[in-house]
Amino acid sequence: MKEFMNNMDSSLHINNIDKLRKDFPTLFQKVNGKKLVYFDNAATTHKPKVVIKAVEDYYKEINANPHRGAHYLSVKSTEVYEGAREKVKKFINAKSSKEIIFTKNSTEALNLIAYSYGMNFINEGDEIVISISEHHSNLIPWQRVAKAKGAILKYMYVDEEGRLPVSEIKDKITERTKIVSVAHMTNTFGIINPVEDIIKYAHEKGAVVIIDGAQSVPHMKVDVQKLNADFMVFSGHKMLAPMGIGVLYGKEEILESMPPFLFGGDMIEYVWEQDTTFAELPFKFEAGTQNVEGAAGLSAAIDYIENLGFEFIEKREKELTAYALRELSKIPYVKIYGTKDLEDRGAVIAFNIKDVHPHDVASIVDTYGVALRAGHHCAQPFMRYLGLNSTCRISFYFYNTEEEIDIFINSIKNVRRWLGYGS
Ligand code: C6P
């Protein structure tokens, strides 16, 4: 793909985007007296009215504990919850709704795998392979498993652009590897990892593969059967849905072999004084009263995304990324990190301004209404490996605009002036 896609014509979409933005009430507020420019979508996205309404309707019209009662409202609540599960199943093309476990978020889903699969199927001397770019949520649980079981946690290291070389994959994944866990798309540089190749190679070596889809599922079509991932996780709040609902996908036969993670109500079959038998999938992994409002919101979010279509979402995000990369790279004192090849990256751009701490950048651009993230982005080993303390990060969703990028660029051009550098 041509660097920065110079020739793309985004003017075609402007009217549609303006219309679509009206679905998102929070986008229209003023911040520090300025129009909000929200470029922190990798942290969480804003919610369309249909999602907010789905949550409101659930509380106005239903609000009952699902799975537990034979009464009308409890049955309705079960329908909402199980309907959402069915929708998620279709969205990621799982074989069965038994393979869809609702969790709080990606973090809880990864912990569930680590505690239930890792702690029970990993033995002394086994190897767990992750990449150095993993978010702490896909790193610390594996440190815990490795420490507890006497296993070895091995890292695949990236090149200076943040990409995983094939040589690293082939070098680190061996017959001793029992688990490989990698992000589909990294939250630091927005690199899209070659997960199809990793899964194929790891399976040849007999390892189980976990894909952290927190940053990919909201932005691209992910088909778990096509990928052939053993597990995949994602968070609702990064794809228009409410906070507090996430998904663990797992192949049915593997989930069947795993013990429950949390114990209590709703996940049991029979309980005696000294022993318990557990409910079948997916319920054995969902202890206690579940987040039905979150499921209702996630269901509405999936409808919204499918209505737009990933073809549109991906194209729009590539246009925005190309435009922002092009404009940012014109500023001589800005250093951009990560590959500029749009085939290998998503709508996340990490950068730094010469001699200015990212937190100062974030505070100054905030006065222009611009929301960006600064820091280590929950990836300290990655930052340390690349010799970085912290970076600024902007991240887009389909509702962002070129006009917002212009406001952002103008705010960036003022940062060094504010701090007395002249330019
Ligand atoms: N990254 C970011 O600003 P939770 O918090 O459980 O919904 O998602 C955790 C997580 C796991 N994997 C990846 C690749 C992620 O990016 C995240 C969340 C946010 O980058 C918050 S730190």
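Q: Which strands and which helix are included in what covers the buried residues of α12?
A: In this predicted model, helix α12 covers residues 358-366, and P358, V361, A362, I364 and V365 are buried there (under 20% relative accessible area, 1.4 Å probe, protein chains only). Helices (H or I, at least four residues) and strands (E, at least two) are DSSP runs, numbered from the N terminus. Counting contact as heavy atoms within 4.5 Å, the cover includes β14 (348-353), β15 (370-371), β16 (373-375), β17 (391-395) and α14 (402-418).

Q: Why does the ligand lie between domain 1 and domain 2?
A: Domain bounds here come from an automatic or database domain assignment. The ligand sits between the two because its shell takes residues from both domain 1 (2-47 + 309-418) and domain 2 (52-306).

Q: Is E61 buried or exposed?
A: You'll find E61 in helix α2 (residues 49-62). Its relative accessible area is 55%, and the cut-off is over 50%. So E61 is exposed.

A quick note on the numbers: residues count from 1 along each chain as its sequence is written, and side-chain values use heavy atoms, without hydrogens or water. Local features need pLDDT of at least 70, side-chain atom pairs count only at pLDDT 80 or more, and totals for chains, interfaces and linings use all residues.
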